[in-house]
Each structure stands twice: as structure tokens, then as C-alpha cells.
Amino acid sequence: MANPHQHHEHAGVDLARAAERALTDAGEQWTDLRADVFAALSVHASPTSAYDIADQVSARRGKRIAPNSIYRILDLFVSNNLAMRVESSNAYLANSHPGCLHDCIFLVCDECGEATHLDNDSVSRNVRALAEDAGFKAERPVIEIRGLCADCR
């Protein structure tokens with residue numbers, strides 16, 4: 001299935017700058033704590049829990065940061081498309097193309113926990129159309145396909 005969705009993948013400092021720009025463009029502040037949370041989140045290739053991020057940010061800052069503070073920031077990041085939430089594992093991934101709006105489609109490995117994010121505008125349009133046909137307004141569709149990744153098969 002062809003996917004016409006094109007975007008620039010960011011990494012490292014470029015990713016942090018793109019995230020800051022997307023958040024401030026949305027009218028939100030890019031605070032030091034938010035920058036630290038994004039930095040901790042963005043180094044992980046696999047979905048990461050708020051508790052793990054809280055531990056990393058706490059170590060970096062030299063004082064304990066409560067997980068509920070981290071959850072609030074992660075929720076802000078998800079609502080502004082800086083991060084994606086893998087619902088089934090309550091874990092988060094940095095969005096490598098902040099500001100690019102699309103639905104979340106994940107392939108989640110039941111063995112190693114790796115979650116691969118896919119972009120497919122055709123699938124997203126179809127899911128949203130099915131919801132609309134049922135009289136439902138889809139706000140943030142998330143599709144998770146559970147199974148085994150190529151390495152674990």
C-alpha cells in the first residue's frame with residue numbers, strides 16, 4: 001500500500017530544536033524541565049515508561065522529580081505531537097518528526113518490547129472514515145499490532 005506521507009526525520013540536537021519549535025509554535029513554553037524530559041525520552045529507541053524517565057531526569061538534576069510531573073509533561077508532549085504513547089504498555093517514544101500530524105500505528109514485539117512506528121495516511125483515513133460512519137469523532141487514533149519483530153521471530 002503506497003503512502004504519500006513525507007516528512008523529515010530529526011535526531012539529536014536537531015530533534016530537540018524541532019520539538020522546542022513545535023511546542024512554542026503551539027503556544028506552550030519550553031521549560032528546562034520539559035527540555036530535560038524530552039532529552040531523556042529521545043535517547044530511547046524502544047518505548048520508555050514515565051518512571052524510567054523520572055529516574056533519568058532526577059539523576060541529571062540531582063533531585064527527585066515525581067513521576068506524576070513527568071506524566072503531565074508526557075501528556076503535553078503527546079497532545080502536541082512531540083511524543084507518541086504505546087497504549088498497551090503505557091510507554092512513550094519521542095516523535096522524530098514533531099509538528100507532522102498523523103495517527104499512531106505501532107508494530108509491538110511481545111518478546112523484546114520494541115515498537116516500530118509506521119506512517120500510513122491511507123490506513124489513517126480509512127480508520128477515521130469508519131469512525132465517522134459510526135457517528136464517532138476520532139480524536140487520536142492509535143493502532144497497535146502485537147506480534148514478533150524480525151529479530152525475535
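1. Glu111 is exposed, at a relative accessible area of 60%; exposed here means over 50%, buried under 20% and partly exposed in between, with a 1.4 Å probe and protein chains only. The residue sits in the loop between strand E3 (104–109) and strand E4 (115–118). Helices (H or I, at least four residues) and strands (E, at least two) are DSSP runs numbered from the N terminus.

2. A quick note on what you're looking at: this is a predicted model, where local features need pLDDT of at least 70, side-chain atom pairs count only at pLDDT 80 or more, and totals for chains, interfaces and linings use all residues. Residues are numbered from 1 along each chain as its sequence is written, and side-chain values use heavy atoms, with hydrogens and water left out.

3. Back to Glu111: what does Glu111 contact, leaving aside its neighbours within four places in sequence? Leu148 and Cys152, with contact meaning heavy atoms within 4.5 Å. Leu148 is 37 residues away along the chain, yet its C-alpha atom is 6.4 Å from that of Glu111.

4. Helix H2 (residues 32–42) packs with helix H3 (residues 50–61) at about 120°, their axes 9 Å apart. The axes are lines fitted to C-alpha atoms, for helices over the stretch in contact, and angles run from 0 to 180 degrees between N-to-C directions. That angle makes H2 oblique to H3, because under 35 degrees counts as roughly parallel, over 145 as roughly antiparallel, 65 to 115 as roughly perpendicular and the rest as oblique.

5. Who makes that H2–H3 contact? On the H2 side, Asp32, Leu33, Asp36, Val37, Ala39, Ala40 and Leu41; on the H3 side, Ile53, Gln56, Val57, Arg60 and Arg61. By class, that comes to 7 nonpolar, 1 polar and 4 charged residues. Nonpolar covers Ala, Val, Leu, Ile, Met, Phe, Trp, Tyr, Cys and Pro; charged covers Asp, Glu, Lys and Arg; the others, Gly among them, are polar.

6. Helix H4 (residues 67–79) checks out on length: at 1.5 Å a residue its 13 residues should span 18 Å, and its end C-alpha atoms are 18 Å apart, which agrees. The expected span is 1.5 Å times one less than the number of residues. Buried in H4 are Pro67, Ile70, Ile73, Leu74, Leu76, Phe77 and Val78.

7. Just after H4, have a look at Asn81, with a positive phi of about 65° although it is not a glycine. Asn81 is in the loop between H4 and strand E1 (83–86), and is buried at 9% relative accessible area.
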